[in-house]
Amino acid sequence: MARGLRQSHVVFRVAAFLPVCFVLGVLIYGYFVYIGIFIAQMESNIALRAVLAVVFHLLCGLFLVSYNVTIFTLPLIPPSEFDLSPEDLALLQTRGDTEHIRRRAMSLGLVTHDGTLNPRFCHHCEIIKPDRAHHCSSCGTCVLKMDHHCPWVDNCVGLHNYKAFLLFLFYGLYRGAYGARRVEHDSQAIFIVRFNCVEQDACSMRTR
């Protein structure tokens, strides 16, 4: 039974990392298309080619740094002062007494509560939930200021990686827009040059 659980856990972890592999695959594909085709083959100005390559590599580097920080930064869990003592847990589980939890939440300065006006309590972690903290079933713990669990980074987005996550989105969007704009500009220029060449060939044939 334990072996089967370990195998299912491994399968789950591999499947959870597939969206991350997809994002990295798109990044690698876009890199080779832009650098290997549009920069190396279609841009004749060497100085402009160098500038475009430096800007693109800078954006790729910033994207990768923020993406790695978002993925590998461990979620921040509530500190120990939100834990309940064994006596408080016994009172809650045997009698359903929440008065001691109310007093504890007031001493901690918490303002949010559940639908019954009781302090929010996590039955999985057995702690009083801090404001804006939520339990993540994927990470198996309560996360401070949890926003959501993002499959594209295989991690929770919360207090620990808000900044890195927003930078990852910004650099990814800017890098994609920058590459698409340059590709569009180069494609239009190539089309105009080829169209002019065809017109010149046609005119020369008519003059003959």
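Helices here are DSSP runs of H or I with at least four residues, strands are DSSP runs of E with at least two, and both are numbered from the N terminus. The model is predicted, and local features need pLDDT of at least 70, side-chain atom pairs count only at pLDDT 80 or more, and totals for chains, interfaces and linings use all residues. Residues are numbered from 1 along each chain as its sequence is written, and side-chain values use heavy atoms, with hydrogens and water left out.

**Stop 1: the loop at Arg-132**

Select Arg-132, in the loop between β2 (127-128) and β3 (134-136). Arg-132 is not a glycine, yet its phi is positive, about 70°. Most residues other than glycine have a negative phi. The relative accessibility of Arg-132 is 46%, so the residue counts as partly exposed. On this scale, buried means under 20% relative accessible area, exposed means over 50%, and partly exposed is in between (1.4 Å probe, protein chains only).

**Stop 2**

Asp-154 is buried, because its relative accessible area is 13%.

Now select Asn-155, which is in strand β6 (residues 155-157). Asn-155 counts as buried because its relative accessibility is 4%. A polar atom of the Asn-155 side chain lies 3.1 Å from the backbone oxygen of Ile-71. Show the residues in contact with Asn-155, leaving aside neighbours within four places in sequence: among them are Thr-70, Ile-71, Cys-139, His-148, His-149 and His-160. Contact means heavy atoms within 4.5 Å.

**Stop 3: Val-20**

Val-20 lies in helix α1. With 1% relative accessibility, Val-20 counts as buried. Which residues does Val-20 touch, not counting those up to four places away in sequence? They are Tyr-67, Ile-71, Pro-151, Trp-152, Val-153 and Asp-154. Draw a distance between the C-alpha atoms of Val-20 and Pro-151: these residues are 131 residues apart along the chain, and the separation is 7.7 Å.

**Stop 4: helix α2**

Select α2 (46-72). Its 27 residues should span 39 Å at 1.5 Å a residue, and the end C-alpha atoms are 38 Å apart, which agrees. The expected span is 1.5 Å times one less than the number of residues in the helix. Colour the buried residues of α2: Leu-52, Ala-53, Phe-56, Leu-59, Cys-60, Phe-63, Ser-66, Tyr-67, Thr-70 and Ile-71. An α-helix has 3.6 residues a turn, so residues three or four places apart point the same way.

**Stop 5: the nonpolar cores**

A nonpolar core is a set of buried Ala, Val, Leu, Ile, Met, Phe, Trp, Tyr and Cys residues joined through side-chain atoms within 4.5 Å. Start with Tyr-34 and Tyr-67, which touch the most other members of the largest core, a set of 21 residues. Helices α1 (2-39), α2 (46-72) and α5 (162-207) each supply at least two residues of this core. The most come from α2, with eight residues. Then select Phe-82, Ile-101, Leu-110 and Phe-121, which are included in a second, separate core of nine residues.

**Stop 6: cysteines**

How many disulfides does the structure hold? It holds zero, a disulfide being a pair of cysteine sulfur atoms within 2.5 Å. Select Cys-125, which is in no disulfide; the nearest cysteine sulfur is that of Cys-142, 3.7 Å away. Cys-125 counts as partly exposed because its relative accessibility is 25%. Finish at Cys-21, which is partly exposed at 40% relative accessibility.

Notes
Polar contact = N/O pair within 3.5 Å; in protein donor to acceptor, adjacent residues only side chain to side chain.
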